[in-house]
Structures are given as C-alpha cells and as structure tokens.
Amino acid sequence: LGAKGYGVHVNGYTFDGDELRVWVATRASTKATYPGMLDHVAAGQLADVGGRPGEQVLAELAEEAGVPDELGKRAAPASVVSYRGVAGEGKGERVTNEVLFCYDIELPSSFTPRPVDGEVEGFELRSVDAVLADLVRGRFKPNVAVVTVDFLVRRGFLRPEMDGYLALVAALRSGDCS
C-alpha cells in the first residue's frame, strides 16, 4: 500500500566547547509543502534505492546550505530510518513508505550554512534542549522529526532509561527497507 520513496537527510552539528549544538533550517514561506517549518541542513529525494546517496548528500549540501564539496565530504552515513506515513498536508493525502538514509556532518564552528536555492529562509544553531522542545511542539517537518529523533538517540540524548524508548527506537525502523 502506498508508493515507496527514498531520500537522504543530513544532520548538521558543531560543538561549542563540550556542548553539541544542532544546525536547524527554517523552510521558506513560499514552499508548497510545510512552509515555515523546521528542517535539516540538507535533504533530498533519491529516484530509487539504486541511486547514490553519498553523491546526493554532496549535491544537497551545496545547493541548500552552501557547503563546499571539500567540507561536504565529511558527511558520514550514520543510519537508515523507515516508516509508513501519510503525506499531503490536506492537499490530497497519500500513503507513503519512506526509507531515509541519514548522514551526519560535524561542521567547524567557523562555518555558517547559508541559504542558496531559496528552499530555506535561514539557518540557526540550536541547543539540543531547544531542538527537543521544538520536536515536542511539532515545529519540525514530519520526516525531519523522525531523522532528528534518530540522531538524538544515536548521540545519547534520548536514552534507554526513558519511558517508551524501545517503542520509539522500533518505530524508527518500522517500514520496509527493501
């Protein structure tokens, strides 16, 4: 049931001393879907699983955040999330089966992403607490929220001692990855 889609998402972060901080984009108000919602440093669709996620990551980082290829090559594959969802925002809902290749890139503290292709209005460096608060408030684009939760699990900000942890981790990989 539903079409299968593949994509790449890039979690951008840096350190301020010992504190991990996350780069968060705000989607352009002119976007047809999820205008003004929070987003990743870069993300994009793959035509199919035979696509080259690493090449797509480099292209998206350059196009969406002005990350030069030499710096973009630091992006490392970190995880895959999969889920069944509903897309459409009240504009003709459809069932989707998503497989998202998750990449992480530690950006130097001297680098600030910049909007290039008009898909985002800007970037902000946020604390993990601010990111968690925005996740709870539903301010992230839905598929970005899933990948951000995966990042926070992998980085140890969401921990096994928390209520619902196992169900949360299972939900991150609840779809068909074929």
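Contact here means heavy atoms within 4.5 Å of each other. The model is predicted, so local features need pLDDT of at least 70 and side-chain atom pairs count only at pLDDT 80 or more, while totals for chains, interfaces and linings use all residues. Residues are numbered from 1 along each chain as its sequence is written, and side-chain values use heavy atoms, with hydrogens and water left out.

**View 1. Where helix 3 meets helix 4.** V128, V131, L132 and L135 of helix 3 touch A145, T148, V149 and L152 of helix 4. Sorted by type, the residues of this contact give 7 nonpolar, 1 polar and no charged. (Nonpolar covers Ala, Val, Leu, Ile, Met, Phe, Trp, Tyr, Cys and Pro; charged covers Asp, Glu, Lys and Arg; the others, Gly among them, are polar.) Helices are DSSP runs of H or I with at least four residues, strands are E runs of at least two, and both are numbered from the N terminus.

**View 2. The crossing of the two axes.** The axes of helix 3 (residues 128–136) and helix 4 (residues 142–154) come within 11 Å and cross at roughly 140°. That makes helix 3 oblique to helix 4. On this scale, under 35 degrees is roughly parallel, over 145 roughly antiparallel, 65 to 115 roughly perpendicular, and the rest oblique. Axes are lines fitted to C-alpha atoms over the stretch in contact, with angles from 0 to 180 degrees between N-to-C directions.

**View 3. Helix 4 by itself.** What share of helix 4 is buried? That goes for 10 of its 13 residues, so helix 4 is largely enclosed by the rest of the structure. Buried means under 20% relative accessible area, exposed over 50%, and partly exposed in between (1.4 Å probe, protein chains only). Among the buried ones are N143, D150 and F151. Just past the end of helix 4, G156 has a positive phi of about 85°.

**View 4. The loop between strand 2 and strand 3.** Y34 sits in this loop, and its phi is near 50°, a positive value in a residue other than glycine. With 16% relative accessibility, Y34 counts as buried. T30 lies in the loop between strand 2 and strand 3 too, but at 70% relative accessibility T30 counts as exposed.

**View 5. D18 in its loop.** D18 is in the loop between strand 1 (3–16) and strand 2 (19–27). Its relative accessibility is 80%, so D18 counts as exposed.
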